[in-house]
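Good morning, and thank you for coming. Please look at the sequence and the structure on the screen while I speak.

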Amino acid sequence: PENDREEAFVPENDREEVRDWVLQLSMDKKVEPVLATRSCFKCNAKNYEASLTCSGCNMKFKPCVVTGYPVMRGRGELPPDEVFVNFHNGSTSFKDFIDFTVKG
């Protein structure tokens with residue numbers, strides 16, 4: 001897509017400062033270019049922390065609507081079949097579900 005803006009989003013002096021910082025950081029031998037990882041709770045394989053699929057067991061995770069990071073079980077997510085069963089057998093009310101979702 002073409003940008004119709006006449007001026008840059010960031011002032012030139014700020015851009016130069018950031019460019020110099022990135023260059024200096026990339027030349028620093030003490031800094032390793034490593035992505036943060038997390039362990040899959042199912043198979044314990046190491047994965048990039050924002051990956052929505054486990055590289056070990058291919059388990060899929062739903063993305064958080066705010067960050068896009070995977071939502072792990074136990075942090076406010078119930079399997080759809082469990083939600084369906086609990087609603088329809090009367091053991092979970094809509095209010096309980098909302099309280100769980102908001103507070104979970």
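Let me begin with a term: a polar contact is a pair of N or O atoms within 3.5 Å; within protein, one must be able to donate a hydrogen and the other to accept it, and residues adjacent in sequence count only if both atoms are side-chain atoms. The model is predicted, so local features need pLDDT of at least 70 and side-chain atom pairs count only at pLDDT 80 or more, while totals for chains, interfaces and linings use all residues. Residues are numbered from 1 along each chain as its sequence is written, and side-chain values use heavy atoms, with hydrogens and water left out.

I turn to Asn47. This residue belongs to strand S2; helices (H or I, at least four residues) and strands (E, at least two) are DSSP runs, numbered from the N terminus. Is Asn47 buried or exposed? Asn47 is buried, at a relative accessible area of 5%, where buried means under 20%, exposed over 50% and partly exposed in between, with a 1.4 Å probe and protein chains only. The side chain of Asn47 reaches the backbone nitrogen of Ser55 at 2.8 Å. A polar atom of that side chain also lies 3.2 Å from the backbone oxygen of Ala45. Beyond its neighbours within four places in sequence, Asn47 is in contact (heavy atoms within 4.5 Å) with several residues, including Thr37, Cys54 and Ser55. Thr37 is 10 residues from Asn47 in sequence, and their C-alpha atoms are 5.2 Å apart.

The cysteines come next. A disulfide is a covalent bond between the sulfur atoms of two cysteines; here the criterion is a pair of cysteine sulfur atoms within 2.5 Å. How many disulfides does a search of the whole structure find? The search finds zero. The sulfur of Cys43 has its closest cysteine sulfur in Cys54, at 3.5 Å, which is too far for a bond. For Cys57 the closest cysteine sulfur is likewise in Cys54, at 3.7 Å, again too far for a bond. Cys43 is partly exposed, with a relative accessible area of 33%, and Cys57 is partly exposed at 25%.

Finally, two loop residues. Asn44, in the loop between strand S1 (37-39) and strand S2 (46-48), has a phi near 70°, a positive value in a residue other than glycine. Asn44 is exposed, at 56% relative accessible area. Asn58 sits in the loop between S2 and strand S3 (62-63), and its phi is also positive, about 65°. Asn58 is exposed, at 52%.
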